[in-house]
Amino acid sequence: MATLPYIEPEDADPITAQVYADAEARFEMVLNIFKITGHAPEMGQKMWQIFFDILQEGPTVDWYTKELLILKATKMGDCLYCVTQHEVVSARLGVTEEKQRDIVGVEYRRSEHYTEAEKAILDLCSHVVLNPEEIPADVWARVKEHYNDGQIVEIVTTIGAYLQVSKFGDALGVELEPVWHGHEPILFAEEPPTSAAAQHHLDHFMAQAPAS
Amino acid sequence: MPAVALVEAPTDEKVRDAYRIAEEHFGHVPNLVKALGSNPDMCHSITDFFAQALQDGMVPWAFKELVILKTLRAIGAYYSYGAHERIAAELGNSMEKIGDVANSLWESSSEFTDGEKAVFKLVEQIGIDANDVGDDIWDPLKANWSAGQLIELNALITTFVMIGRTGDALGVAEPYLFANAVG
């Protein structure tokens, strides 16, 4: 159960109601993580704009590529909420289950499913999550072989934004919506959470009956 | 040298608008905004969110700055730490308070209220494992802060996880964020 109550659409103030309308138009539903920001409308409005900008075919980086970064960053943070949803979103965009499986650890480096450009930005992603002030020069060199400045900005900010939202939701105990019940997380089957608390959340989720 | 070029004179209209927001709020365009300037969407939405965080909201800005300092420490981020120390002082925080959030002395300090200490505990736990924020942390938070304030604080903490990681990854130096004293 989330730490704070969700603000349902019928109780939302005008700013939040507009955010919900935009979210529903884009994502087919108003997720719980949107509903919890209804307590702070102005903040929520500006925070979600970043994600509306990321979750689309960008003029610089395609959505498919951004989904790989989102899966990698949120898996490293043991975020069940994000990983579960983005396994489904990335699959809709064409990321195969085999490719999803190979994103854990450093398996992607050996995987035939990843291009050299994708391998370079997944290496970058790991460093941004763990130790961004010590990104090796060779990682940057490989990234810059494939991406220009505008793309690099989008890559790094996508990673940063998903570190933000995953910790935001996890700290508040935001729950996966019933529509996801019955989905068996692929990445966590491949590599269990490192966090004992995250493993507990995963066990609880897996015990939920599938949505009818 | 930053990993990407700082855009000094943007021609894209959306980037120009982001710079206008930055100029109005900060009195100049911070280097992080210039580093994002080669990507109009990200530059605009992050600048807008960043500027909103650095002002009074449901939580006073002076306390927000201590939370930002604690967050940057908790995740080992270097980006803009000195700039936020300066802002925290300009907003009236004592040197003792600023020093105590840099380590664990806030726990025993008489300078902080129970509500403030509860927030610092949340910051440290998010830095360790955001999946493991239990009732022992939330109960004192809920006793001292409204739901809106808690969302704002949680957003502030996690935003500066993003800002810290982004600034450090791109290698941006930010000796000062505001052109003039804010206090």
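## Domains of chain A

Domain bounds, as used here, come from an automatic or database domain assignment. On that basis chain A of this predicted model is divided into domain 1, residues 9-54, and domain 2, residues 63-206, and the C-alpha centres of domain 1 of chain A and domain 2 of chain A lie 23 Å apart. The contact between them takes seven residues from domain 1 of chain A and nine residues from domain 2 of chain A, where two residues are in contact if their C-beta atoms, placed from the backbone, lie within 7 Å.

On the side of domain 1 of chain A that touches domain 2 of chain A, the elements giving two or more residues are helix H2 (32-36) and helix H3 (41-54) of chain A. By class, that side of domain 1 of chain A has six nonpolar, one polar and no charged residues; Ala, Val, Leu, Ile, Met, Phe, Trp, Tyr, Cys and Pro count as nonpolar, Asp, Glu, Lys and Arg as charged, and the others, Gly among them, as polar.

## Basis of the model

Residues are numbered from 1 along each chain as its sequence is written, while chains are lettered from A and ligands numbered from 1 in the order in which they are written. Since this is a predicted model, local features need pLDDT of at least 70 and side-chain atom pairs count only at pLDDT 80 or more, whereas totals for chains, interfaces and linings use all residues.

## Overall form of chain A

Chain A contains 11 helices and zero strands, with helices (H or I, at least four residues) and strands (E, at least two) taken as DSSP runs and numbered from the N terminus. Along its principal axes the C-alpha trace of chain A spans about 50 × 35 × 30 Å.

From the N terminus on, the elements of chain A run α-α-α-α-α-α-α-α-α-α-α. The radius of gyration of chain A is 17 Å, close to the 17 Å that the globule rule gives for 212 residues, so chain A is as compact as a globular protein of that length; the radius is taken over C-alpha atoms, and the rule is 2.2 Å times the number of residues to the power 0.38.

## Domains of chain B

Chain B is likewise divided, into domain 1 (13-53) and domain 2 (61-170), and the C-alpha centres of domain 1 of chain B and domain 2 of chain B lie 24 Å apart.

## Contact between the chains

The contact between the chains takes 39 residues from chain B and 41 residues from chain A. Helix H3 (40-53), helix H7 (114-129) and helix H9 (147-170) of chain B are the elements that give two or more residues to the side of chain B that touches chain A, and H9(B) gives the most, with 16 residues. The residues of this side of chain B divide into 21 nonpolar, 11 polar and seven charged.

## Packing of H7(B) against H9(B)

B:Val119, B:Leu122, B:Val123 and B:Ile126 in H7(B) meet B:Leu153, B:Ile157 and B:Thr158 in H9(B). The residues of this contact of H7(B) with H9(B) divide into six nonpolar, one polar and no charged.
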